Structures are given as C-alpha cells and as structure tokens.
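Good morning, colleagues. Please look at the sequence and the structure on the screen before I take you through selected details.

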Protein chains: 2
Amino acid sequence: MLRLTQSEENYLKAIFTLSQDTEGAISTNELAEKMLTKASSVTDMLKKLCEKELLEYQKYQGCALTNEGKSHALAIIRKHRLWETFLVDKLSFGWDEVHEIAEQLEHIQSTELTDRLDEFLGFPKVDPHGEPIPGKDGRIESVSNRILLSESVVGMRAIIMGVEDDQTEFLQYLNKIGLHLGTQIDILDKLNFDGSIIVMINDKQVQFSITIAKQISIKPL
Amino acid sequence: MLRLTQSEENYLKAIFTLSQDTEGAISTNELAEKMLTKASSVTDMLKKLCEKELLEYQKYQGCALTNEGKSHALAIIRKHRLWETFLVDKLSFGWDEVHEIAEQLEHIQSTELTDRLDEFLGFPKVDPHGEPIPGKDGRIESVSNRILLSESVVGMRAIIMGVEDDQTEFLQYLNKIGLHLGTQIDILDKLNFDGSIIVMINDKQVQFSITIAKQISIKPL
DNA sequence: TTGAATTTTTAGACTAGTCTAAAAATTGTT
DNA sequence: AACAATTTTTAGACTAGTCTAAAAATTCAA
Ligand SMILES: [Mn+2]
Ligand SMILES: [Mn+2]
Ligand SMILES: [Mn+2]
Ligand SMILES: [Mn+2]
C-alpha cells in the first residue's frame with residue numbers, strides 16, 4: 001500500500017475536486033490557486049505524483065488523475081465528510097465550524113477506523129453541508145433531483161439540500177439568515193439585470209446575488 | 001499560541017514520559033532510543049525546542065522540560081488518552097488496537113474538539129490501559145492505592161487497574177490469558193530465584209516474569 | 001590522574017516541500 | 001506568421017527533519 005504525505009493527499013483531493021467541474025486536464029495555475037501556493041511548487045508536486053502513477057502529467061499540458069489517484073482522493077473525501085458528520089452529529093459543532101478540523105482528521109491513516117466511524121454514525125449518505133459521502137468502495141451515490149438555486153424559477157417551493165462552499169464566513173452568513181439543510185424556501189422573484197433571486201425564508205424576504213445562488217442546491221417540492 | 005510540528009510534539013511527549021521515572025535531566029541517548037532515532041537528530045531537536053523555551057538544554061547535560069513544555073506535553077497526552085477511550089468505548093476497538101491510531105489523532109489541533117470529545121465520553125478519568133487522563137487544566141488526578149504486581153505479596157487478592165506498556169503484542173498476550181482492566185486475581189506464590197509471580201486468574205494459574213509483573217498495576221482488595 | 005570507553009556534538013549530506021527570479025513554451029492577436 | 005502576453009518550467013535557495021562519520025567532551029576505572 002502506497003503511503004502518501006499530507007501534502008500529497010491535499011493535492012490529490014484538490015485535483016479531484018477541480019476535475020468535477022472542468023472538462024479535460026487541470027492546469028498548473030488553477031491548482032496553484034486552489035492550493036494557495038505557487039505554480040513552481042505545483043510543477044514539482046505534479047512530477048512526483050506522476051512518478052507514483054497517481055496522475056498523468058505532461059509538461060505544459062496540465063494533469064489528470066489515474067484511477068489509482070481517483071480512488072485515493074475519494075478515500076480522503078470519504079474521511080473528511082465522515083469526520084464532519086461526527087463533529088456535527090456527535091459533538092454538536094455547527095456546520096460552519098467543522099471544515100478546518102476535518103481538514104486535519106482526513107489524513108488519519110486507518111481504514112478500520114474510517115469504516116467503524118461510518119458504522120458508528122449509521123452510514124450517513126451526506127455530510128453536514130449536503131455533500132454525498134463516498135462508500136467503502138469509493139462509490140458516490142448520486143443525489144436525486146437537486147438543482148442549484150440559481151437555476152430555480154419564480155414561484156417554486158423547495159428544500160435546501162446542500163451548499164457547494166464550506167467556508168466559515170459563508171456558512172455563518174447562512175446561519176444568520178436562518179438558512180440550514182432542510183429549510184423550506186419560496187422563490188419570489190428574479191431580477192433580470194443582475195440575476196439576483198428573492199426568496200422567502202421563514203416568513204422573511206432575503207435577496208441572494210447570483211454568486212451566492214450558485215452555491216446553494218435545492219430540491220423543488 | 002506557539003504552533004508545534006508533529007515531530008516536536010512527539011519529542012515533548014517522550015521527554016515528559018521519560019522524566020516521570022527518571023531523576024534529573026534526560027540524556028540525549030535515552031531520548032534517541034525512545035524516539036527510535038539517532039543521537040545527532042536528538043541534539044538538533046533539543047536545540048530547537050530550547051530555542052522555543054519548551055525545555056532547558058545545555059550541551060552534554062541533557063534536557064528538562066520547562067513549565068511551558070510540560071503543559072504542551074500534557075495536552076498531547078490528554079488528547080492521546082481521550083482518543084484511545086473514544087476508540088474503545090465508542091468504536092469497539094480492543095485495547096491492543098488503539099495506540100497507533102491515537103499516535104496520529106493526538107496531533108489534531110483544536111482545543112474545542114478535545115474538550116467536546118472529553119464531554120462526549122463523559123469525562124473519563126482513565127484511558128483503556130488504566131492511565132489517568134489529564135484534565136483541561138493539565139492536572140492529572142492521582143490514582144489511588146495502586147501498586148505494581150511486582151510489589152504484591154503472596155496471599156493478596158487484587159483487581160487489575162492498569163498496564164504500563166501499551167504495545168500491541170503485550171496487550172494481545174494479556175487478552176489471551178484473560179487479563180483485562182477490572183479482572184480479579186489472587187497472588188498464589190513468588191519464586192525467590194527469579195522473582196516470578198504465580199497468579200490465579202479466572203480459576204486458571206498463570207506465571208508472570210518479574211519483567212511482566214512490573215508492567216501491571218493492581219489495587220489490593 | 002591519566003588513558004580508554006562512552007556519550008554527545010558537529011559537519012556535511014540528503015529528502016520533502018516551499019519560494020523567487022529567470023528561462024522556455026504556449027496562446028492569442030494583429 | 002510574427003510578436004506580445006500569459007502560462008509553465010527550471011534553477012537555485014531555504015527550512016525542517018533525518019542520517020553517517022568524525023571530532024570533542026565526559027565518565028569510568030586502573
Ligand atoms: Mn469540508
Ligand atoms: Mn487536509
Ligand atoms: Mn497509547
Ligand atoms: Mn504521535
């Protein structure tokens with residue numbers, strides 16, 4: 001079994017995540033930005049991960065994970081999301097407080113631990129941000145009939161199913177306006193000129209910019 | 001707040017532990033053996049930790065933790081023992097399976113997490129090996145009327161309270177002979193020439209070498 | 001109390017991960 | 001197609017942690 005450093009694992013995870021919404025290879029700069037580091041550091045790491053056959057990489061052509069690399073990334077994401085669930089469900093942390101801690105816990109090496117944690121939590125399907133939790137086998141069950149709030153239409157009634165961004169400030173903002181997983185909303189209006197969406201949450205009107213609306217996923221009722 | 005690397009934390013913990021049963025300073029070689037590393041590496045690390053005022057160190061004179069260093073060490077030991085308790089009490093691991101995992105978990109940085117875990121576990125006083133768990137304030141409650149099995153006298157009846165060694169093979173051996181925390185034993189005999197102790201455990205006779213007897217702590221009834 | 005054995009430190013090297021600055025390759029634009 | 005802008009890689013340096021081999025200090029024992 002190939003043993004990876006924390007840094008290597010963080011790169012794999014970042015590449016996997018970026019690949020989710022990008023066609024083709026991931027560029028060095030894109031990855032540098034995501035990793036909050038410099039392109040030259042990324043190049044060095046890509047060479048190393050390519051050497052270990054976790055990704056394919058050719059000079060100036062960006063990179064793409066191999067199956068091996070993908071399954072490593074999924075194992076880390078599985079751990080991250082299980083630990084976040086543990087922190088919220090068992091230790092009563094808020095959904096805005098768990099990401100940084102899970103960022104460390106995801107690197108604990110023990111498949112046995114991960115699988116027992118999964119069982120202890122009752123095999124949860126999604127984490128506290130509504131993100132699906134990969135199974136033991138690395139498979140992600142597709143989450144059903146979700147759309148982004150940005151794609152909603154006026155008059156729709158819907159349930160909040162997830163957030164695409166788990167940054168503390170964003171989640172704290174959502175807390176402040178009373179928006180949680182499972183919250184019911186009504187789409188009241190959309191402004192043509194900037195795409196803003198006006199929503200009713202617990203009898204209060206809230207206006208979301210298109211940027212925010214793209215970070216929230218809902219299930220129409 | 002001073003941020004330490006995993007390696008620095010492991011050194012502090014080792015120095016603390018060695019200091020428990022050694023008078024005066026800890027020597028470079030002693031520490032090298034404990035850390036499974038070379039004396040030259042230890043010297044480098046001692047310089048660094050001295051620089052950070054976590055220990056006092058003078059060339060050729062060994063080292064001793066400062067109060068700052070001690071409280072860091074205690075915080076790591078607290079985490080280690082709480083996580084071991086979590087693994088055994090909540091995830092049903094055996095006491096022989098948890099040390100390696102806790103060796104990693106003890107480095108997770110979040111006082112909030114540690115304190116909530118403590119609460120979730122019901123503020124346990126001892127870990128699965130009978131070792132006391134330091135409190136939030138770093139204080140260790142002294143464990144009452146314990147002696148080592150090696151110091152027992154023939155005819156005594158006692159309860160197993162702890163083990164001084166948490167190596168997997170040792171604990172597995174204890175499992176095999178049916179010795180756990182809380183097990184009741186009778187001291188049947190002591191052999192003068194090698195110090196072996198013959199003990200009755202669950203109606204079976206078992207003979208312990210003096211080496212083993214020094215690793216087991218008991219409470220006489 | 002002096003020489004030998006042991007312990008400890010230093011010197012120099014290596015790996016992992018990062019950085020800055022400069023060079024090279026690619027991309028885009030006229 | 002040529003040149004400019006942008007992206008990416010390389011070269012060289014730095015820190016942390018480790019190692020081996022050699023030098024220095026301490027300890028031990030005759
Ligand atoms: Mn997260
Ligand atoms: Mn991480
Ligand atoms: Mn342990
Ligand atoms: Mn450790």
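Not counting residues up to four places away in sequence, B:Asp186 touches B:Met156, B:Arg157, B:Ile198, B:Val199 and B:Met200, where contact means heavy atoms within 4.5 Å. This is a predicted model, in which local features need pLDDT of at least 70 and side-chain atom pairs count only at pLDDT 80 or more, while totals for chains, interfaces and linings use all residues. Residues are numbered from 1 along each chain as its sequence is written, chains are lettered from A and ligands numbered from 1 in the order in which they are written, and side-chain values use heavy atoms, with hydrogens and water left out.

To return to B:Asp186, this residue belongs to strand 5 (residues 184-190) of chain B. Helices (H or I, at least four residues) and strands (E, at least two) are DSSP runs, numbered from the N terminus. With the side chain of B:Arg157, the side chain of B:Asp186 forms a polar contact at 2.8 Å. By polar contact I mean a pair of N or O atoms within 3.5 Å; within protein, one must be able to donate a hydrogen and the other to accept it, and residues adjacent in sequence count only if both atoms are side-chain atoms.

**The metal sites**

I turn now to the manganese ions. Which residues coordinate the manganese ion (ligand 2)? They are A:Asn10 through OD1, A:Glu103 through both O and OE, A:Glu106 through OE, and A:His107 through NE2, at 2.0 to 2.7 Å. Donors are N, O and S atoms within 2.8 Å of the metal (3.2 Å for Na, K and Ca); water is not among the atoms, so sites may look incomplete. Along the chain, the donors of ligand 2 have the spacing N-x92-E-x2-E-H. A:Asn10 sits in helix 1 (residues 6-20) of chain A and A:His107 in the loop between helix 5 (99-105) and helix 6 (111-120) of chain A, so this pair ties together parts that are 97 residues apart in sequence.

Are these two residues buried or exposed? A:His107 is buried, at 6% relative accessibility, whereas A:Asn10 is partly exposed, at 21%. Buried means under 20% relative accessible area, exposed over 50%, and partly exposed in between (1.4 Å probe, protein chains only).

B:Glu106 is buried, with a relative accessible area of 0%, and B:Glu103 is partly exposed, with 21%.

The manganese ion (ligand 3) is held by B:His80 (NE2), B:Glu84 (OE), B:His99 (ND1) and B:Asp166 (OD), at 2.1 to 2.5 Å. Its donor residues are spaced H-x3-E-x14-H-x66-D in sequence. Since B:His80 and B:Glu84 are four residues apart in helix 4 (residues 67-89) of chain B, about one helical turn separates them. Both B:His80 and B:Glu84 are buried.

In chain A, A:His80 lies in helix 4 and is buried, at 6% relative accessibility. The side chains of A:His80 and A:His99 are joined by a polar contact of 3.2 Å. Leaving aside neighbours within four places in sequence, the contacts of A:His80 include A:Lys13, A:Glu103, A:Glu106 and A:Asp166.

**The interface**

How many residues of each chain meet? In chain A, 21 residues are in contact with 21 residues of chain B. The two chains bury about 1,700 Å² between them, 73% of it on carbon and sulfur atoms; buried area is the accessible area (1.4 Å probe) that two parts lose on being put together, summed over both. On the side of chain A, the residues losing the most area to chain B are A:Leu91, A:Gln104 and A:Arg116, together 31% of what that side buries.

Six residue pairs are in polar contact between chain A and chain B, both residues at pLDDT 80 or more. Helix 4 (67-89), helix 5 and helix 6 of chain A each give two or more residues to the side that touches chain B, and helix 6 provides the largest share, five residues.

**Backbone**

Finally, A:Tyr60 has a positive phi of about 70° although it is not a glycine. A:Tyr60 is in the loop between strand 1 (55-57) and strand 2 (63-65) of chain A and is exposed, with a relative accessible area of 81%.
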